[in-house]
Amino acid sequence: MSTSSKLDSKIPEGPVQEKWDNARFKYKLVNPANRRKYTVIVVGTGLAGGAAAATLAELGYNVLSFCIQDSPRRAHSIAAQGGINAAKNYPNDGDSIYRLFYDTVKGGDFRAREANVYRLAQVSNNIIDQCVAQGVPFAREYGGYLDNRSFGGSQVSRTFYARGQTGQQLLLGAYSAMMRQVGKGKIKMFTRREMCELVLVNGKARGIVVRNLVNGELEKYSADAVVLASGGYGNVFFLSTNAMTSNCTAAWKAYKKGAFFGNPCYTQIHPTCIPVHGANQSKLTLMSESLRNDGRVWAPKAKGDKRPANEIPEEERDYYLERVYPSFGNLAPRDVSSRQAKFRVDEGRGVGATGFAVNLDFRDAIKRDGKNVIEEKYGNLFEMYERITGEDPYKVPMRIYPAVHYTMGGLWVDYNLQSTIEGLFVLGEANFSDHGANRLGASALMQGLADGYFIAPYTISNYLASTKLEKVDTENPAFKEALSATQKQTDKLLSIKGTRTVDQFHKALGHIMWEYVGMSRNEAGLKKAIKEIQQLRKEFWNDVNVPGDPNLVNTELEKANRVADFMELGELMARDALEREESCGGHFREEHQTDDNEAKRDDNKFCHVAAWEYTGDNKEPTRHVEELKFENVHLAQRSYK
Amino acid sequence: MNDKLMTLNLKIWRQKSAKHKGRMQDYKLSGVSPDMSFLEMVDLLNEQLVRQGDDPVAFDHDCREGICGMCSMMINGEAHGPSALTTTCQLHMRHFHDGDSIVIEPFRAKAFPVIKDLMVDRSAFDKVIQAGGFVSVNTGNPQDANNIPISKENADLAMDAAACIGCGACVASCPNASAMLFVSAKISQLALLPQGQVEAKARAESMVQKMDEVGFGNCSNHAECEASCPKGIDLSNIARMNREYFKAKFS
Ligand SMILES: Cc1cc2nc3c(=O)[nH]c(=O)nc-3n(C[C@H](O)[C@H](O)[C@H](O)COP(=O)(O)OP(=O)(O)OC[C@H]3O[C@@H](n4cnc5c(N)ncnc54)[C@H](O)[C@@H]3O)c2cc1C
Ligand code: FES
């Protein structure tokens, strides 16, 4: 299959090591004195958006920055625990830019663009330097130098961390850089705002319409370029480890205006989360993957064995990861471990009150190393577990189950992080770019900051310098049109006055997604999902109940707008999963597995990115293809046996 | 696991907007599982309110993992409720009993006006950070991260201070609505690191001035802030800030 004429990845010339230098040399520059004449909108203040806003403002552009929360410091990035990768090779254990590049391409199961991944590995080191200069308190050794650890089964120690709060510290770094620019008047900050529409003028992204979440007013903002850094869409499943307001609306509205959506079906399901406790649960909590370094995962051998874990004798336990993957054992990668847990539950061997869980047992580690050593390593995680479940993991095994955690898919972007809409740049988890079909641990923070600090500021300058941009303000009719579309949707939602709450619909959607578009997928299930989602959508628009006043804080209205978009996206995810007739990374098609239940890629037919084009409401979207070439890392089957 | 469901008597502050007058309202809520988080308990109430066509209780929340600092409730008169070192979103209903009365109010302070119900405006915190809570370094090509070794002790102390989630519990529980713990945590973090020392004096001076300007009160050593802090930010940060401030004023 060859690349669609609508997709130009703009990969620069030259060997992979020289592409970024070549590109930067060719980029046009904006004269420092002229930068103040340009305005850039940045939606989102997570690592990607926060870093981009601060850096663009430092360069001299006027930045308008938007977020849903009451302060940019609270974006979802704040919740990342484990760490951030970089190819510094401080521990001298064989790491290099090339190795980080290689691991990321392979870990992504050969479904990412080599050129982008190489650049990511290249700038990873600058990120650490920049963050330290900002005062980010990374963990240090006694000699005063930065400490590194190995993460997610990696063979080198390349992960930098700040206790279990790496995302928080990196975000506070970007936030402080932003606040400095707010103080200087270069960033105008708009908090408690939600983007509802993208505005195009003559085919270029020139502004947005947002809802002011405090007084309900719809506001219009114009600019010379628009950046979306609005995060991932894991909450399409209702339950996920994402923050409550994480949503797809900004990206989805851009999709409907012509930005193609790349690989929507690629979802990462993290193996070690605290299981669901009941129907009123609102979100899931991640337990760090590092626990698998010492904990042993098992399920009872017998079906329906309801005895408390400690009463099940050794010979009746199945340490299934150790059994199936003798060489990687409990450290098998995320996608593989998650699927194995699901197999056990499907066999009727799940544990706990709901049966949707497996054990993660520290008994042997405590016996071997002593409670002190385990406490030293994981004390805060054990405490968190006990706080949530009321059980003491020093005495009884933890119960864990996989949960939706990250979305590799997102708006399609070229090498310059520009979408198929001119002037619309997409950064961070919101784009599809660097992780292929599976993301490695500690690489999302790296990508967000790479995009925001070191890549987008160059590519956006190039765009502004090389594009003829006519004067556009919010009086332009395109703004009025976008505003009235938003108003219409609000009026409609408020007028339905049906019998079901927004959350009921969201939970129903999540159920369909988890059942058929979750950890393992098959043709019949995906077809069923598409039908069921379409039906649910119809019911939503006839029967949802959104009470309250649109001119005051109205959280039900906020949620209704988000769920409306999640339903449409959910359908596209199912379509994408249906068309991709292979298994790769987080996408597992039951029809495509090896004899021993491992994922089977089809490089002849599917070594490409699927980029979906919107063609109108209730019309089938068009699937475009960007061929992927592997010139440096050669295609090979992943194996963890 | 305890499956016994509870019935609770809730008294909740309802206020339509900053312009409206607020009042306490009673709700009886049954079906509360001890495994629920406090916010899931409020979700349950809201689900019922919405079904009746009533306006749900507005409250701030996002991560529900105790890290974003968005949740902010006074529960029976205590910021984030009865459990030490715990945010509202991480408080679980197993700490309450069937038949309990629970009073839920917003964080109150002059600098934190109510937006709706339990939601308050904490943008005053951002303004204080804008006054100097940063290192003035542009994105670019700073020196290698390992060029300046920092003693583990100082790095750890800086991390202790940097753990602040900016929730405002310290302000809400202080009789003077002082923001000293919040401000001192940021000043300490940066003062403890060589990167922050260049601007230490100017930073302390302008952040303290801004803190007064936006309406936070004075510190008179009640230490309620430390007791209510879900992240265990230590009072010693205030002493360190005072040192930095006097250095700035008298040198
Ligand atoms: C529990 C957890 C732990 C993690 N741990 C790690 C880790 O250890 N290492 C790692 O590398 N990765 C980790 N990840 C992944 C990583 O945290 C995220 O992928 C990354 O932080 C996303 O950053 P972002 O800037 O793209 O978006 P976010 O941080 O999600 O920011 C999105 C921003 O967009 C705004 N926004 C969204 N929609 C709109 C709209 N319509 N209008 C206005 N504003 C909008 C939001 O307000 C927010 O400011 C973890 C994720 C989770 C859930
Ligand atoms: S909701 Fe984030 S700290 Fe409570």
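These legends walk you through a few close-up views of the structure shown above.

This is a predicted model, where local features need pLDDT of at least 70 and side-chain atom pairs count only at pLDDT 80 or more, while totals for chains, interfaces and linings use all residues. Residues are numbered from 1 along each chain as its sequence is written, chains are lettered from A in the order in which they are written, and side-chain values use heavy atoms, leaving out hydrogens and water.

**View 1. Chain A meets chain B.** Here 76 residues of chain A are in contact with 75 residues of chain B (contact means heavy atoms within 4.5 Å). About 6400 Å² is buried between the two chains, and carbon and sulfur atoms give 52% of that area; buried area is the accessible area (1.4 Å probe) that two parts lose on being put together, summed over both.

View 2. Look for K88(A) and D144(B), whose side chains form a salt bridge at 2.9 Å, N to O (a side-chain nitrogen of Lys or Arg within 4 Å of a carboxyl oxygen of Asp or Glu). The count between chain A and chain B is 5 salt bridges. There are also 43 residue pairs in polar contact across this interface, both at pLDDT 80 or more; such a contact is a pair of N or O atoms within 3.5 Å, one able to donate a hydrogen and the other to accept it. On the side of chain A that touches chain B, α5(A) gives the largest share, with 9 residues (helices are DSSP runs of H or I, at least four residues, numbered from the N terminus).

**View 3. The second largest pocket.** This pocket holds about 960 Å³ of space. Of its 36 lining residues, K256(A), R537(A), E568(A), Y614(A) and D617(A) are the closest to its centre. A pocket is an open set of points on a 1 Å grid over the protein atoms alone, with protein on both sides within 12 Å along at least five of seven lines, and lining residues have an atom within 4 Å of a point. Helix α15(A) supplies the largest share of the lining, 8 residues. By class, the lining has 10 nonpolar, 8 polar and 18 charged residues, with Asp, Glu, Lys and Arg counted as charged.

**View 4. The second largest cavity.** Around 27 lining residues, I274(A), P275(A), H277(A), Q281(A) and I388(A) lie nearest the centre. The space inside is about 350 Å³; in a cavity, a 1.4 Å probe fits but cannot get out. The largest share of the lining, 3 residues, belongs to α10(A).

Conventions
Grid points are joined across faces, edges and corners, and a volume is the space filled by probe spheres set on the points. Helices (H or I, at least four residues) and strands (E, at least two) are DSSP runs, numbered from the N terminus. A polar contact is a pair of N or O atoms within 3.5 Å; within protein, one must be able to donate a hydrogen and the other to accept it, and residues adjacent in sequence count only if both atoms are side-chain atoms.
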